[in-house]
Amino acid sequence: MARPANSRRRVRRLLEQPDFNQALEEIKSLPPEQALKHLQAGLSAGQALTRWRAVTALGAVVAGLSSEHLEAAREFLRRLLWCLNEESGAVPWGVAEALGEILARSEALAPEYAGLLLSYIDQDGPNFLDWAPLLAGAVWGVGRLASAQPELMAQRGAGQYLAPLLKHGQAPVRGMAAWALGNLGKGGCAAALQGLAHDSGSLKIWQDNALQRVTVGQLAVKASIKG
């Protein structure tokens, strides 16, 4: 059995490997409890690329676990989401993003936790993440789930929570909201999205296993076309 320190270093090395697709397959072959522990630690890594790869890998590992041991997957989600509780004392970097990625990959877990994910972007609710960096991450998580299950998210009213965020003062939140609405199918937000077409606010977004620099306007235009 590999020692904990060796397992931790192995997972970190895999997250930093140039060929991430190959690394992801190796991560998925690890014992789930071992992989999940070290991937969760990777959410707070200093390098943004490492953090986002940890998000992707967590989604793959938990989805695989849920197909065989659904309750074990639920238990991990409960531990992960505890970090979003103020009483945990933790800064929950990447947690909402990881939740969105996990739910996007797991048809079994998505209906159970979609409402909770949306609660983090509900400005009138008790779980709203009012600090912009965490809110932008939660909006990305909503958009990621919407890309996989748009009908589910539409039924849960995702659009009504995303639309007001198009006017947020921070570019990453506006941009993520536009992107998420594009994945959802913008519905009645066409005018608001078109109004952002020339928004030069800059942000980075994780798509296709790559971190891409874009503007709010670029995401809004794409969302208008997709919708």
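This is a predicted model: local features need pLDDT of at least 70, side-chain atom pairs count only at pLDDT 80 or more; totals for chains, interfaces and linings use all residues.
View 1. The structure holds 1 cavity of 30 Å³ or more. The lining of the largest cavity is made up of Leu84, Pro92, Trp93, Gly94, Ala96, Glu97, Leu129, Pro133, Leu134 and Gly137, and these residues divide by class into 7 nonpolar, 2 polar and 1 charged. At least two residues of this lining come from helix 6 and at least two from helix 8, with helix 8 giving the most, namely 3 residues.

**View 2. The largest pocket and the elements that line the pocket.** The space in the largest pocket amounts to about 480 Å³, and its lining consists of 22 residues, of which Arg51, Trp52, Glu97, Pro133 and Lys204 lie nearest the centre of the pocket. Two or more lining residues are given by each of helix 4 (48-68), helix 8 (132-148), helix 11 (171-184), strand 1 (202-207) and strand 2 (210-215).

**View 3. The packing of helix 6 against helix 7.** Helix 6 (residues 95-105) packs on helix 7 (residues 110-119) at an angle of about 150 degrees, and the axes of the two helices are 10 Å apart. Because angles over 145 degrees count as roughly antiparallel, helix 6 is roughly antiparallel to helix 7. Their crossing is left-handed. In helix 6, Ala96, Leu99, Gly100 and Leu103 meet Ala110, Tyr113, Ala114 and Leu117 of helix 7, and the contact contains 7 nonpolar residues, 1 polar residue and no charged residues.

**View 4. The packing of helix 7 against helix 8.** The angle between helix 7 and helix 8 is about 145 degrees, with their axes 10 Å apart, and the crossing of these two helices is left-handed. Ala110, Ala114, Leu117 and Leu118 of helix 7 make the contact with Ala138, Gly141, Val142 and Leu145 of helix 8. By class, the contact of helix 7 with helix 8 has 7 nonpolar, 1 polar and no charged residues. Ala110, Ala114 and Leu117 take part here and also in the contact of helix 7 with helix 6.

**View 5. The packing of helix 5 against helix 7.** Helix 5 (residues 70-82) and helix 7 pack at an angle of about 10 degrees, and their axes are 12 Å apart; the two helices are therefore roughly parallel to each other. Arg74, Leu77, Arg78 and Leu81 of helix 5 meet Glu112, Tyr113 and Leu116 of helix 7, and the residues of this contact divide into 4 nonpolar, no polar and 3 charged. Tyr113, which meets helix 5 in this view, also takes part in the contact of helix 7 with helix 6.

Methods
Residues are numbered from 1 along each chain as its sequence is written. Side-chain values use heavy atoms; hydrogens and water are left out. Axes are lines fitted to C-alpha atoms, for helices over the stretch in contact, and angles run from 0 to 180 degrees between N-to-C directions. Helices (H or I, at least four residues) and strands (E, at least two) are DSSP runs, numbered from the N terminus. Angles under 35 degrees count as roughly parallel, over 145 as roughly antiparallel, 65 to 115 as roughly perpendicular and the rest as oblique. A crossing is left-handed if the near helix is turned anticlockwise from the far one by less than a right angle, and right-handed if clockwise. Contact means heavy atoms within 4.5 Å. Ala, Val, Leu, Ile, Met, Phe, Trp, Tyr, Cys and Pro count as nonpolar, Asp, Glu, Lys and Arg as charged, and the others, Gly among them, as polar. On a 1 Å grid over the protein atoms alone, a cavity is a set of points where a 1.4 Å probe fits but cannot get out, and a pocket is an open set with protein on both sides within 12 Å along at least five of seven lines; lining residues have an atom within 4 Å of a point. Grid points are joined across faces, edges and corners, and a volume is the space filled by probe spheres set on the points.
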